[in-house]
Amino acid sequence: MNSFSELIKKRRSTRKFTDQLLSPEQVELILKAALMSPSSKRSNPWQFLVVEEKDRLKQLAACKPHGAAFLEGCALAVVVMANVLEGEAWVEDASIASIMMQLQAEDLGLGSCWCQIRGRQTGDNMDSAEYIRRLFTIPYQMEVLSIIGFGYKEKEHKPFDESRLQWEKIHVGTYHLPQENREE
């Protein structure tokens, strides 16, 4: 990528992937990005479970009834979790690590998509994090935040359209109500 601005415009959620596998070097770079991500008080509470086996990806895709099916078709999934005993800002720390991996993937020309797990349920009303804990024997102090799916993009998406930027959500100096809600 030529610039960070270009990278963030180009990074879009990819839910359809080709069958091509990732190279070990690509996987290593994605994981390095996670391990280099910042965390509160440098506590590094995050941990990552790498899943590449097709049958396990299919099982992961069943972690919730909507928004997880794409995991079955990805080349690599990373379960993003954190030890809640190691950092009070574990949600934020694991979220930052997640986006760092996604940006690294885009820089490599790969697609990725976030699958929210925390606060979600399976089709059988089981907690999605509990489903994943049981599937991979993850201990209870580890909270599962998300799963990031990676792979070669089936098709390229258009970059983010800057004309859609919501500048009205930027407040300078003080908070301002939207025009239609202001009392005159």
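**Exercise 1. Find the bridge partner of V79 in β4.**

Solution. Start at V79: its bridge partner in β4 is I147. Next take A77, which stands opposite G149 in β4. Both strands are DSSP runs (strands: E, at least two residues; helices: H or I, at least four residues), numbered from the N terminus. Now widen the view: β2 (residues 76–83) and β4 pair in the antiparallel sense over eight bridges. To pair, two strands need at least two DSSP bridges between them.

The model is predicted: local features need pLDDT of at least 70, side-chain atom pairs count only at pLDDT 80 or more, and totals for chains, interfaces and linings use all residues. Residues are numbered from 1 along each chain as its sequence is written, and side-chain values use heavy atoms, with hydrogens and water left out.

**Exercise 2. Work out the strand order of the sheet and name its edges.**

Solution. Begin with β3 (residues 111–116): six bridges join β3 to β4, and the two run antiparallel. Here G111 stands opposite G151 in β4. The four strands form an open sheet, ordered β1-β2-β4-β3, with antiparallel pairing. β1 (46–51) and β3 each have a single partner strand, so they stand at the edges and one side of each lacks a neighbour in the sheet. Neighbouring strands of this sheet are turned by 25° against each other on average, direction ignored.

**Exercise 3. Is β4 mostly covered or mostly open, and which helix lies across it?**

Solution. Count the buried residues of β4 (residues 142–151): nine of its ten are buried, so the strand is mostly covered. Buried means under 20% relative accessible area, exposed over 50%, partly exposed in between (1.4 Å probe, protein chains only). Then look for the helix: α5 (residues 128–136) lies across β1, β2 and β4. Contact means heavy atoms within 4.5 Å. α5 runs at about 80° to β4. Axes are lines fitted to C-alpha atoms, for helices over the stretch in contact, and angles run from 0 to 180 degrees between N-to-C directions.

**Exercise 4. Classify the aromatic pair of W46 and F48.**

Solution. The structure holds one aromatic pair. The ring centres of W46 and F48 are 5.6 Å apart and the planes stand at 35°, so the pair is tilted. Rings of Phe, Tyr and Trp (its six-membered ring) pair if their centres lie within 6.5 Å; planes under 30 degrees apart count as stacked, over 60 as edge-to-face and the rest as tilted. Finish with burial: W46 and F48 are both buried.
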